[in-house]
Amino acid sequence: MAFRIYTRTGDKGDTGLFGGGRVGKDDPRVEAYGAVDELNACLGVAEAAVDDPQVRAWIRRLQDELFVLGAELATPDPEAVKKQIVPLGADRIAWMEEVMDAIDAEVPPLRSFVLPGGHPGAAHLHLARTICRRAERRTIAFARHAHLRAEVVAYLNRLSDLLFMLARLVNHRAGVEEPKWTAPTRS
């Protein structure tokens, strides 16, 4: 049985939460999971622009995890929905660190600031990194009003680092030189 996309229940500026309840569409909770959703969409664009099958698989895995993270942020009572979602744990953060260590061993050492760009997939990953930072800020702002597990913020913090490293890897494997920052000179 198919379901309709439109429900008309949000026409007055509020939205339903996963597990029940309604809040305004400008609620800090909605800002947090909305930024995570935007990040997930940006990763979809990045994945479509990347040719490397390993990087594509990693991005897809991250998208699945972000869906879970967004669901947790959209849940006022995590205990009530634990049968439907398994929260991300420290093991996911450790996995990201392992991937970053492997990438660091493959790419040239970082000797200057890198500008977003290069290969189209790398440029999209840099954009995703900045959206990830915004999602992290929105999540921290939401956590000031509600209890969140420490792993939620730690996951987003580590993910932004991983996205930077993935962008470097995409440029490296594609043979595209990373754009380097050059200090402007006085005229």
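Predicted model: local features only at pLDDT ≥ 70, side-chain atom pairs only at ≥ 80, totals over all residues.

By pocket I mean, on a 1 Å grid over the protein atoms alone, an open set of points where a 1.4 Å probe fits, with protein on both sides within 12 Å along at least five of seven lines, and a lining residue has an atom within 4 Å of a point.

Residues are numbered from 1 along each chain as its sequence is written, and side-chain values use heavy atoms, with hydrogens and water left out.

Back to the pocket. Its lining is Tyr33, Gly34, Val36, Asp37, Asn40, Leu66, Phe67, Gly70 and Ala71. Helix H1 (28-49) and helix H2 (53-73) are the elements giving two or more residues to that lining, and H1 has the largest share, with five. Helices (H or I, at least four residues) and strands (E, at least two) are DSSP runs, numbered from the N terminus.

Take Asn40, one of the lining residues, which sits in H1. Buried or exposed? Asn40 counts as buried because its relative accessibility is 11%; the cut-offs are under 20% for buried, over 50% for exposed, and partly exposed in between, with a 1.4 Å probe and protein chains only. Leaving aside neighbours within four places in sequence, Asn40 is in contact (heavy atoms within 4.5 Å) with Gln63, Leu66 and Phe67.

Zooming out, the chain has five helices and two strands, in the order β-β-α-α-α-α-α from the N terminus. Of its 187 residues, 41% count as buried.

Now the core. The largest nonpolar core has 47 residues, and Leu62, Leu125, Leu159, Leu162 and Leu163 have the most contacts inside it. A nonpolar core here is a set of buried Ala, Val, Leu, Ile, Met, Phe, Trp, Tyr and Cys residues joined through side-chain atoms within 4.5 Å. Two or more residues each come from H1, H2, helix H3 (90-106), helix H4 (120-143) and helix H5 (150-174), and H5 gives the most, twelve.

What does Leu163 touch, leaving aside its neighbours within four places in sequence? Leu39, Leu43, Leu62, Leu125, Ala128, Arg129 and Cys132. Ser160, also in H5, counts as buried because its relative accessibility is 1%. With that same exclusion of neighbours within four places, Ser160 is in contact with Arg129, Cys132 and Arg133.

On H4, the buried residues include Leu125, Ala128 and Cys132, and what covers H4's buried residues includes H1, H2 and H5.

Last stop, the segment after H5, where we find Pro179. Pro179 is partly exposed, with a relative accessible area of 24%. Pro179 and Phe113 are 66 residues apart in sequence, and 8.8 Å apart in space, C-alpha to C-alpha.
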